[in-house]
Amino acid sequence: TLYDLFAIVRHSGGINGGHYISNCKNPVNQEWYEFDDEYIRQLSASSVPTVSSEAYLLFYSKRESMEQRAKKMDLINKYINPSLNQIEEKGSAEV
């Protein structure tokens with residue numbers, strides 16, 4: 001079984017105080033983002049600190065089999081994509 005890293009919480013500072021920064025992978029566009037207080041920035045995959053002494057929490061998800069992924073894509077194509085198309089059509093008709 002394989003697992004994929006999708007989020008990291010890092011802590012810098014000491015035991016009596018410090019700062020937390022999180023890095024999370026968007027499941028829709030597969031891009032990484034850094035969340036630092038009110039600042040959010042997109043990261044390149046190579047700049048995600050996957051090995052760091054600041055790592056406090058690591059979040060993993062179990063990798064899907066090709067069969068599981070195909071079933072999920074079938075459901076997306078059957079139910080979600082038609083709804084998104086309707087929303088897009090409605091939005092362009094209003095313009």
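**Hairpins, a pocket and a buried Asn**

Me: Where is Pro 27 found?
Reply: Pro 27 sits in the loop between β2 and β3. Strands (E, at least two residues) and helices (H or I, at least four) are DSSP runs, numbered from the N terminus.

Me: What kind of model is this, and how are residues numbered?
Reply: This is a predicted model, where local features need pLDDT of at least 70 and side-chain atom pairs count only at pLDDT 80 or more, while totals for chains, interfaces and linings use all residues. Numbering runs from 1 along each chain as its sequence is written, and side-chain values use heavy atoms, with hydrogens and water left out.

Me: Back to Pro 27. Buried or exposed?
Reply: Pro 27 is exposed, at 67% relative accessible area. The cut-offs: buried is under 20%, exposed is over 50%, and partly exposed is in between (1.4 Å probe, protein chains only).

Me: How far is Pro 27 from Phe 6 in space?
Reply: 8.3 Å, C-alpha to C-alpha. Pro 27 and Phe 6 are 21 residues apart in sequence.

Me: Which residue takes a positive phi in the hairpin of β2 and β3?
Reply: Gln 30, with phi near 65°. Gln 30 is not a glycine. That hairpin has six residues between the strands. The loop with Gln 30 runs between β2 (17–25) and β3 (32–36). Gln 30 is partly exposed, at 44%.

Me: How do β2 and β3 pair?
Reply: Antiparallel, over four bridges. Two strands count as paired if DSSP finds at least two bridges between them. Cys 24 has Tyr 33 in β3 as its bridge partner.

Me: And β3 with β4? How many bridges?
Reply: Five, and β3 and β4 also run antiparallel. Glu 34 has Arg 41 in β4 as its bridge partner. Asp 36 has Tyr 39 in β4.

Me: What about the turn there? Which residue has the positive phi in the hairpin of β3 and β4?
Reply: Asp 37, near 55°. This hairpin has two residues between the strands. Asp 37 is not a glycine either. It is exposed, at 57%. β4 covers 39–43.

Me: You mentioned Arg 41. What does Arg 41 contact?
Reply: Trp 32, Tyr 33 and Glu 34, leaving aside neighbours within four places in sequence. Contact means heavy atoms within 4.5 Å. Arg 41 is in strand β4 and is partly exposed, at 47%.

Me: New topic. How large is the volume of the largest pocket?
Reply: About 470 Å³. The search uses a 1 Å grid over the protein atoms alone. A pocket is an open set of points with protein on both sides within 12 Å along at least five of seven lines. A cavity, in contrast, is a set of points where a 1.4 Å probe fits but cannot get out. Grid points are joined across faces, edges and corners, and the volume is the space filled by probe spheres set on the points.

Me: Which residues are closest to the centre of the largest pocket?
Reply: Of 15 lining residues, the closest are Pro 27, Gln 30, Ser 61, Glu 64 and Arg 69. A lining residue has an atom within 4 Å of a point.

Me: Which element gives the largest share of the lining?
Reply: α1, with four residues. β1 (3–14), β5 (55–62) and α1 (66–94) each supply at least two.

Me: What is the lining like by class?
Reply: Five nonpolar, three polar and seven charged residues. Nonpolar covers Ala, Val, Leu, Ile, Met, Phe, Trp, Tyr, Cys and Pro; charged covers Asp, Glu, Lys and Arg; the others, Gly among them, are polar.

Me: Now Asn 23. Buried or exposed?
Reply: Buried, at 0%. Asn 23 is in strand β2.

Me: Which side chain makes a polar contact with Asn 23?
Reply: Glu 34, at 3.4 Å. A polar contact is a pair of N or O atoms within 3.5 Å; within protein, one must be able to donate a hydrogen and the other to accept it, and residues adjacent in sequence count only if both atoms are side-chain atoms.

Me: What else does Asn 23 touch?
Reply: Beyond four places in sequence, its contacts include Phe 6, Ile 8, Trp 32, Leu 43 and Pro 49.

Me: Last one. Where does Val 9 lie?
Reply: In strand β1. Val 9 is buried, at 19%. Its C-alpha is 6.7 Å from that of Tyr 20. Among its contacts are Tyr 20, Ile 21, Leu 57 and Phe 59.
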